[in-house]
Amino acid sequence: MAKRKLKRFAEVDTFDNVLKPTLDEAMQDKFSLKGKWNSDYFKNDNPIVLELACGKGEYTIGLAKNYPNKNFIGMDIKGARIWAGAKYAIENKMLNVAFVKTRIDFIVNLFAQDEVSEIWITFPDPQPPKNRAKKRLTGELYLGRYRQILKKGAAVNLKTDSDFFYEFTNEVVQNNKLEVKINSANVYEELIPSLGNDALATDLKILTYYESRWLSEGKKIKFISFVP
Ligand SMILES: C[S@@+](CC[C@H](N)C(=O)[O-])C[C@H]1O[C@@H](n2cnc3c(N)ncnc32)[C@H](O)[C@@H]1O
């Protein structure tokens with residue numbers, strides 16, 4: 001591992017705004033903040049929004065700036081990536097931001113029913129071969145998990161560059177007759193211009209590390225917001 005990455009990997013474990021559930025806590029439903037994120041961590045009653053596969057946490061940070069009256073939690077397994085968002089939040093005294101370093105697979109042991117008001121999934125690994133369907137973050141296995149923590153009618157928002165992943169998600173949504181709130185195969189040239197002054201247009205302009213890479217390769221960015 002490169003020196004800088006190693007340093008970040010170690011330093012992130014010292015940050016107060018990065019929660020690191022042990023495997024035992026995450027797998028055996030023993031995480032102390034489950035059901036108590038607002039009372040014991042954020043110390044307010046504001047809605048909780050999750051960013052899954054957050055990487056450096058650009059959406060967690062960007063949305064937290066746009067919505068100071070909501071709480072934002074970024075989740076990723078890679079500590080050296082979370083480091084960037086967590087460091088920024090500490091330096092800028094952003095009290096409505098936290099990160100969790102863990103596998104998303106354990107999500108139902110980290111949040112209680114109705115504890116979460118919205119989920120953003122930003123540029124997840126598409127997991128293309130057929131036999132990886134269970135690992136896709138908009139696959140039925142994960143949607144079942146999201147239902148266990150989301151409030152009724154709450155949305156999952158997916159932003160992706162991948163045609164494969166976007167089509168897969170649309171199929172899952174259609175097969176399960178899920179409510180679609182917004183759906184666009186071209187965020188920058190179609191959706192954002194059509195939204196005018198809507199707050200979502202500002203949210204959709206938040207740029208992630210991977211998104212910048214895909215945009216420089218000329219890829220079209222897709223977005224779907226649906227109720228799982
Ligand atoms: C392609 S990157 C996208 C990162 C960021 N959202 C962005 O757009 O720059 C996918 C991220 O998903 C994380 N990831 C993949 N599977 C995961 C899992 N099961 N649990 C937690 N994180 C996961 C990886 O560590 C990686 O940071």
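**A look inside the core and around the ligand**

Leaving aside neighbours within four places in sequence, L50 is in contact with I73, M75, V116 and I119 (contact: C-beta atoms, placed from the backbone, within 7 Å). This is a predicted model, in which local features need pLDDT of at least 70, side-chain atom pairs count only at pLDDT 80 or more, and totals for chains, interfaces and linings use all residues. Residues are numbered from 1 along each chain as its sequence is written.

**Core**
- L50 also belongs, with L52, I73, I119 and I121, to the residues with the most contacts inside the largest nonpolar core, which has 51 residues.
- Such a core is a set of buried Ala, Val, Leu, Ile, Met, Phe, Trp, Tyr and Cys residues joined through C-beta atoms within 7 Å.
- In the protein, 38% of the 228 residues count as buried (20 or more other C-beta atoms within 10 Å of the residue's own).

**Overall fold**
- There are 10 helices and eight strands in the protein (DSSP runs: H or I of at least four residues for helices, E of at least two for strands).
- The C-alpha atoms fill a box of roughly 40 × 40 × 35 Å along the principal axes.
- Of the contacts between residues at least 6 apart in sequence, 76% join residues at least 24 apart.

**Around the ligand**
- The ligand has 18 residues around it, and A53, G55, F123, T208 and Y210 come nearest (near: C-beta atom, placed from the backbone, within 6 Å).
- Helix α10 (residues 209–216) gives the most to this shell, with three residues.

Note on methods:
Buried ≥ 20, exposed ≤ 12 C-beta atoms within 10 Å, placed from the backbone. Contact = placed C-beta atoms within 7 Å.
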